[in-house]
Amino acid sequence: VVGADGANSWLRNKADIPLTFWDYRHHALVATIRTEEPHGGVARQIFHNDGILAFLPLADPHLCSIVWSLEPEKAQQMQEATPDAFSQALCVAFDNRLGLCMLESERQTFPLTGRYARQFAAHRLALVGDAAHTIHPLAGQGVNLGFMDAAELVEELRRLHREGKDIGQHLYLRRYERSRKHSAAMILAGMQGFRELFAGGNPAKKLLRDSGLKLADTLPGVKPQLLRQAMGLNDLPD
């Protein structure tokens, strides 16, 4: 059985697999927004001292799904603000990059929590995606981790089948488990460090992140490698 049933996985709970979890002390506000300018199929993200705002393009060239990571009190204020007040605050936070923004849906908020399953596999069970791990959405890495879980699990099951082994035995699923736990732990640690670096208005932090981003953008070979890692291409099975 493949446990791909989300962060509150029923299968993981029934298998008595414990979780390590932590509170990011932020809430995500999500909504659908209509923009004055077309998004061009490009995802955009802005980092502020008090939060992170992402515009994710939808099929309609003027519709975006937003994920706005804010402190809980601020997220509640934005959820309860009038549509006009919210749209104005959103335009300011997004620097009017897509022109005027208007709400197209209800606003929902939920707490951001990191989770890491102590096991990614058990007897006749393999966990993938949010059932195995959840991370802060600041770099969109959660979905890539899930895709790589699925790709590596498929490759491992094919290998076991070719070798005539029982694909459901935990003994044989441990290779998948070790590999994906390592990748997830690295991304979780990296995203936590990234989040801390962009949190707050400390001048030293600002200098460090600005210098780091400029170096990554100008040093030969660095930016393509970072993009490959962000897209999960470095974890693709052979």
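Contact here means heavy atoms within 4.5 Å. Keep that in mind for the helix I start with. The model is predicted.

Helix 3 covers residues 83-93, and in it F86, S87, L90, C91 and A93 are buried. Their directions span an arc of only 165° around the axis, which puts these residues on the same side of helix 3. On the other side of helix 3, D84, Q88 and V92 are exposed. What lies over the buried residues? The cover includes strand 2 (19-35), strand 3 (44-48), strand 4 (51-57), strand 5 (63-70), helix 2 (72-80) and strand 6 (101-103). After helix 3 comes D95, with a positive phi near 60°.

Now the cysteines. How many disulfides are there? The count is 0. C91 is in no disulfide, and the nearest cysteine sulfur, on C101, is 4.0 Å away.

Next, charges. The whole structure has 10 salt bridges. I will go through some of them.

D60 pairs with R34, with the closest N and O atoms 3.9 Å apart. D60 sits in the loop between strand 4 and strand 5 and R34 in strand 2, so the pair ties together parts 26 residues apart in sequence. D60 is partly exposed, with a relative accessible area of 29%, and R34 is partly exposed at 30%.

R180 pairs with E152, the closest N and O atoms being 3.6 Å apart. Buried or exposed? R180 counts as buried, at 0% relative accessibility, and E152 counts as buried at 16%.

E163 and K165 form a salt bridge with closest N and O atoms 3.1 Å apart. Salt bridges that share partners join E156, R159, E163, K165 and R175 into one network. E163 is partly exposed at 41%, and K165 is partly exposed at 33%.

Last, R12, in helix 1 (residues 10-14). R12 is buried but has no salt bridge. The nearest side chain of opposite charge is D5, 6.7 Å away. What does the side chain of R12 reach instead? At 2.8 Å there is the backbone oxygen of A131. Leaving out residues up to four places away in sequence, R12 touches G6, A7, I17, L19, A117, L127, D130 and A131.

Technical notes:
Residues numbered from 1 in each chain as written. Predicted model: local features only at pLDDT ≥ 70, side-chain atom pairs only at ≥ 80, totals over all residues. Heavy atoms only, no water. Helix = DSSP H or I, 4+ residues; strand = E, 2+ residues; numbered from the N terminus. Buried < 20%, exposed > 50% of the residue type's maximum accessible area, 1.4 Å probe, protein only. Lys, Arg positive; Asp, Glu negative; His and termini not counted. Salt bridge = Lys/Arg side-chain N within 4 Å of Asp/Glu carboxyl O. Polar contact = N/O pair within 3.5 Å; in protein donor to acceptor, adjacent residues only side chain to side chain. Arc of directions from axis to C-beta. Disulfide = S-S within 2.5 Å.
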